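Q: I would like to learn how to read the features of a structure from its coordinates. Could we start with the terms and then go through a case?

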Amino acid sequence: MSTGCKMKTFILMSTHSYDSMLQRQKQIIKRLSKENIVYYYEIENDKCFMKKNRNFFVLDNNYINKIKYLQSTGSVIIWCSSIYEAQFIERIPHDYVIFDFSFDYANWSKSQQEIYKNGDIIFTQSEKLYESLEPTHPKVFLVKNGVDLDSFSVYKNDIPDDMPLGKNIVGYVGEIGESIDWELVKFIVKNKDLNFVFIGDYDKGVLDEISGDNVFFLGQKKYEDLTYYINNFNCAILPIKGDIKLDNFNYFEFYEYMALGIPAVTTEILELGEYSKACYTSSIKEQFANYIDIAICESNTSLRLLRRRIASQNSWDKRIDQIDNIVNRELQLE
C-alpha cells in the first residue's frame, strides 16, 4: 500500500452484517485498516460492537451515541456501496463521501440521482458502468475487483473430502441461479464424460434445472477453503447468460482462476478485454464444449504463467493503492 500520507478515518456503511459482508467490502476493509482507522457500520443492527484489530471496528446503528468513545484521525470519509445506504450518511459527522457502485445509474429514481451527485468520489467496478456514470459526475473512477494473492496459492492443493473422484473435474464458483446459462450447462453435461462441480449458495429450484450422476452442488464454502477446491479443477467455467445485464459486473472468480493458473472457459458476456488470451471464450455451445476438452488437456506452461501474471497485476493490494492515490489526490489530503 501507499505510504507517506496522513491517516484517515473510513466509515463503511452497509446493510450487510459483518459476517456476511460482500467480498469487495471485505477486501477493501482488510487493507484500508492497515494504515487508517476503519469502522464497519451495520445500519440495520442495534446490538453490535467489536474491535477486530487496533484500527478496525464493527459498529451498530447506535454509533452516534458511541462516537465520543471511539478513536478517529484525519479526515472522516463515509463509504457507501448503495443508494439505500447513502440515505443514512447525515447521521454521522463526516468530511467526505465516497460511493462505490455496481448498479446501473439509468435505473435510479430522480431522488436517488440527487443523492448520488452529492458524492465527492465515485468508484465503479466495470468498464461499462464507468462509461455510463462518467458523463454524470466530475469524479468517477474505475476500480475493478481483484484477487487476494495470499489466499489463492497453488500450494493449497489438498483434495477436499466432498470433491468427486474418478473423472476430470469441470468447476464453477460463484452465484448459482438465473445468471447461469442452464441450457449451455445441460448441453455440456450431457455430452461430456466429466464431473461438474458447482460451489456457491443455490436455491433447491436449481436442481430442477440440472441433475445427473456427474453433477455435484457442494454449497457455499468458506473463503479460505475455496483455493483447495479450485486447485482440484481440471478446468473452470463461467457460463454466464448473454441476455441479462451482468456485464456491468467484474468477476472475482475470473481473477481467482487466474491466480491458480487454472484454464477457464467463459461465455462472451464477461469484460475480459486484454485477458482473453489467457482463457477460452465462446457463447456457442458446441465451441464451448470443445474448449473444455482443450482446456483439460492443456499443457502450456507459458499460459499458466500468463494467468498468474494477470492475477498479480490485479491484486487487491494494487486496487487499494489505486484507491488511496485517488482519494489523496482528489480530496487533496496528501
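A: Begin with contact, which means heavy atoms within 4.5 Å. This is a predicted model. Leaving aside neighbours within four places in sequence, Asn214 is in contact with Lys167, Val189, Lys192, Leu194, Asn195 and Phe196.

Q: Where is Asn214 found, and is Asn214 buried or exposed?
A: Asn214 is found in the loop between α7 (206–209) and β11 (215–219). Buried means under 20% relative accessible area. Asn214 has a relative accessible area of 11%, so this residue is buried.

Q: How many helices and strands does the protein chain have?
A: The protein chain has twelve helices and 14 strands.

Q: What radius of gyration does the protein chain have, and what would a compact globule have?
A: A compact globule with 334 residues would have a radius of gyration near 20 Å, and the protein chain, with 21 Å, agrees with this. Along the principal axes, the C-alpha atoms fill a box of roughly 65 × 40 × 40 Å.

Q: What percentage of the contacts in the protein chain with a separation of 6 or more comes from residues 24 or more positions apart?
A: Such residues account for 64% of the contacts in the protein chain with a separation of 6 or more.

Q: What should I read from burial and surface for the protein chain as a whole?
A: Buried residues make up 54% of the 334 residues. The protein chain exposes about 15,800 Å², of which carbon and sulfur atoms supply 46%.

Q: How far apart are the mean positions of the positive and negative charges of the protein chain?
A: There are 38 positive and 48 negative charges, and their mean positions are 4 Å apart.

Q: Which residues touch the most other members of the largest nonpolar core?
A: The general idea is that in soluble globular proteins, nonpolar side chains tend to be buried together. In this model the largest nonpolar core has 57 residues, and those that touch the most other members are Trp182, Phe198, Phe233, Ile237, Phe254, Tyr257 and Ile292. A second, separate core of 26 residues includes Ile29, Trp79, Phe123 and Ile323.

Q: With what is Ile237 in contact, leaving aside its neighbours within four places in sequence?
A: Ile237 is in contact with Val170, Gly171, Tyr172, Ile188, Tyr257, Val265, Phe288 and Ile292, its neighbours within four places in sequence being left aside.

Q: Tyr257 is on that list. In which helix does Tyr257 lie, and is Tyr257 buried or exposed?
A: Tyr257 lies in helix α9, residues 252–259. Its relative accessibility is 0%, so Tyr257 counts as buried.
A: Asn61 is partly exposed, with a relative accessible area of 25%. Asn61 is found in the loop between β4 (56–59) and α2 (63–66). Leaving aside neighbours within four places in sequence, Asn61 is in contact with Tyr41, Glu42, Ile43, Glu44, Asn45, Asp46 and Arg91. The C-alpha atoms of Asn61 and Asn45 are separated by 5.9 Å, although these residues are 16 apart along the chain.

Q: Where does Lys204 lie, and is Lys204 buried or exposed?
A: Lys204 lies in the loop between β10 (195–199) and α7. Exposed means over 50% relative accessible area. At 70% relative accessibility, Lys204 therefore counts as exposed. Lys204 and Thr15 are 189 residues apart along the chain, and their C-alpha atoms are separated by 26 Å.

Q: What is the relative accessible area of Gly166, and where does Gly166 lie?
A: Gly166 is exposed, with a relative accessible area of 81%. Gly166 lies in the loop between β8 (140–142) and β9 (169–173).

Q: What is phi of Gln332 near?
A: Most residues other than glycine have a negative phi. Phi of Gln332 is near 55 degrees, a positive value in a residue other than glycine. Gln332 lies in the segment after α12 (316–330). At 70% relative accessibility, Gln332 counts as exposed.

Technical notes. Residues are numbered from 1 along each chain as its sequence is written. This is a predicted model: local features need pLDDT of at least 70, side-chain atom pairs count only at pLDDT 80 or more; totals for chains, interfaces and linings use all residues. Side-chain values use heavy atoms; hydrogens and water are left out. Helices (H or I, at least four residues) and strands (E, at least two) are DSSP runs, numbered from the N terminus. The radius of gyration is taken over C-alpha atoms; the globule rule is 2.2 Å times the number of residues to the power 0.38. Buried means under 20% relative accessible area, exposed over 50%, partly exposed in between (1.4 Å probe, protein chains only). Accessible areas come from the Shrake-Rupley method with a 1.4 Å probe; for residues, only the protein chains shown count as cover. Lys and Arg count as positive and Asp and Glu as negative; His and the chain ends are not counted. The place of a charge is taken as NZ of Lys, CZ of Arg, CG of Asp or CD of Glu. A nonpolar core is a set of buried Ala, Val, Leu, Ile, Met, Phe, Trp, Tyr and Cys residues joined through side-chain atoms within 4.5 Å.
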